[in-house]
Amino acid sequence: MSLTTFSFPTPTIFGPGAISQLVSRLPGLGLMRPLIVTDAGVAATDAFAQLAKVMGGTGQGKDWFVFSGVHPNPIEDDVREAANAYRQHKCDGVIAIGGGSPLDVGKAARLAVKRPALDFARFYEETDWSGLAPFVAIPTTAGTGSEVGRSSVVTLKSTHRKAVLFHPELLAKLVILDPQLTVGLPPHLTAATGADALTHCIESFTCPVFHPMCDGIALEGIRLIVEALPRACRNGTDLDARGRMLAAAAIGAVAFQKDLGVVHSLAHPLSSICGMHHGLANALCLPAGMKFCASRKPGIYRRVGIACGIDVMRSSEPEADQLTIHFITDFLARLGLNTRLRDHGVKPEHVDALVAQAVDDPCHKTNVVPVQAQDFVDLYLQLL
Ligand SMILES: [Fe+2]
């Protein structure tokens, strides 16, 4: 058995109104002049207004500043500009609020503050990760789980490819999971981001790395999503459903410290080449990815099926997989996540470039079964 690292370290305040606890926690984190990192869309939302309200109400000589220039798929310049704003305002820590993009930029900006001349294409050469400014993460979507992740994805200026900065020091010192901050998310984005969390749970559970703690919570994440995502889509103000989805998204991201699989390798190029939303790309690829894996390793989805609440205990291994995949396919379809890639601008002429990037993507290296270039060709053509 190979060595594995187990780590579930992020302090989290969960529940409706959790945002009200933020200010009282900041001094303990050494955070008296935070830079708030977000994007223009989030800056205009009620969620941001709730944050501004609790920050503005502190008085006591504290001060805070906003950088709202994060792009939907963050670029290197976003990180450098956030770091410039941090230095300009003499900040002492970062609070990021929003979806995965502002959270990723908030995490990485602390490294750019510490190392202004850092070459992001060679970040892995960084040997000293100590002394990063404290970081607080406040998600307004329930999908990526970036708030509990130790990585940050930014697009490099030199190559236009995505770099994944990865280090435990990037982790937040505090996470606020407040379902009231997600009620404004429209149904189609609630569904797509939730499908991302579902894919994290399923792919991390079936990833062959030995990590029984992650396996256990991944199954609970699946159970929560199956129960709560349809409710959150039907009624955006259902705080119980919104809260369960926030918990499930964080669970998914903690679980995927095990790693992911073929579905994420199919999805990443669909975003970088065709501009598809990450959650939507995962949703459209998930059933085909599951069928591919089950055809080569029967029985891997029985426990996923049990987590979904379906009766697969007495089924044969292929039957258990089939019933589970049918359930997931139908679940996604009922959320409107059953369109074809061509409905989102993907064309046959994109397939070569998609396959080239999918082969280079690291996620499938930990898929439950090996994936070859021809498998990616077959899967994309099936999904077109
Ligand atoms: Fe994802």
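Student: At 32% relative accessibility, does threonine 339 count as buried, partly exposed or exposed, and which class is it?

Tutor: A word on the ground rules: this is a predicted model, where local features need pLDDT of at least 70, side-chain atom pairs count only at pLDDT 80 or more, and totals for chains, interfaces and linings use all residues. Residues are numbered from 1 along each chain as its sequence is written, and side-chain values use heavy atoms, without hydrogens and water. Buried means under 20% relative accessible area and exposed over 50%, with a 1.4 Å probe and protein chains only. At 32%, threonine 339 falls in between, so its class is partly exposed.

Student: Where does threonine 339 sit, and which residues does it touch beyond four places in sequence?

Tutor: Threonine 339 is in the loop between α12 and α13 (351-360), with helices (H or I, at least four residues) and strands (E, at least two) taken as DSSP runs numbered from the N terminus. Counting contact as heavy atoms within 4.5 Å, and setting aside residues up to four places away, threonine 339 touches Leu284 and His344.

Student: And how is threonine 324 placed, buried or exposed?

Tutor: Threonine 324 belongs to helix α12 (residues 317-334). Beyond four places in sequence, its contacts are Met290, Tyr301, Val304, Gly305, Ile310 and Val312. Its relative accessible area is 0%, so threonine 324 is buried.

Student: Which residues coordinate the iron ion?

Tutor: Donors are N, O and S atoms within 2.8 Å of the metal (3.2 Å for Na, K and Ca), and sites may look incomplete because water is not among the atoms. Along the chain, the iron donors follow the spacing D-x3-H-x63-H-x13-H. At 2.1 to 2.2 Å, the coordinating residues are Asp196 (OD), His200 (NE2), His264 (NE2) and His278 (NE2).

Student: What arrangement do the four donor atoms make?

Tutor: Tetrahedral needs all angles between 85 and 135 degrees; square planar (four donors) or octahedral (six) needs opposite donors over 155 degrees apart and all others between 65 and 115; anything else is irregular. The angles around the iron ion run from 84 to 170°, so the arrangement is irregular.

Student: Why are aspartate 196 and histidine 200 separated by about one helical turn, and in which helix?

Tutor: Aspartate 196 is buried at 3% relative accessible area, and histidine 200 is likewise buried at 3%. They are about one helical turn apart because they lie four residues apart in helix α6 (residues 187-206).

Student: What is the strand order of the open sheet?

Tutor: Two strands pair if DSSP finds at least two bridges between them. Strand β1 (residues 12-14) and β8 are parallel over three bridges, with threonine 12 partnering valine 175. Strand β5 (residues 135-139) runs parallel to β8 over two bridges, with valine 136 opposite leucine 174. The six strands, paired in parallel, take the order β1-β8-β5-β4-β2-β3.

Student: Which residues of strand β8 are buried on its two faces?

Tutor: In a regular strand the side chains alternate between the two faces of the sheet. Strand β8 (residues 174-177) is covered on both faces: Leu174 and Ile176 are buried on one side, and on the other, Val175 and Leu177.

Student: Which residues touch the most other members of the largest nonpolar core?

Tutor: A nonpolar core is a set of buried Ala, Val, Leu, Ile, Met, Phe, Trp, Tyr and Cys residues joined through side-chain atoms within 4.5 Å. Beyond four places in sequence, isoleucine 222 touches Leu198, Cys201, Ile202, Val304, Ala307 and Cys308. In the largest core, of 110 residues, those touching the most other members are Ile222 and Tyr380.
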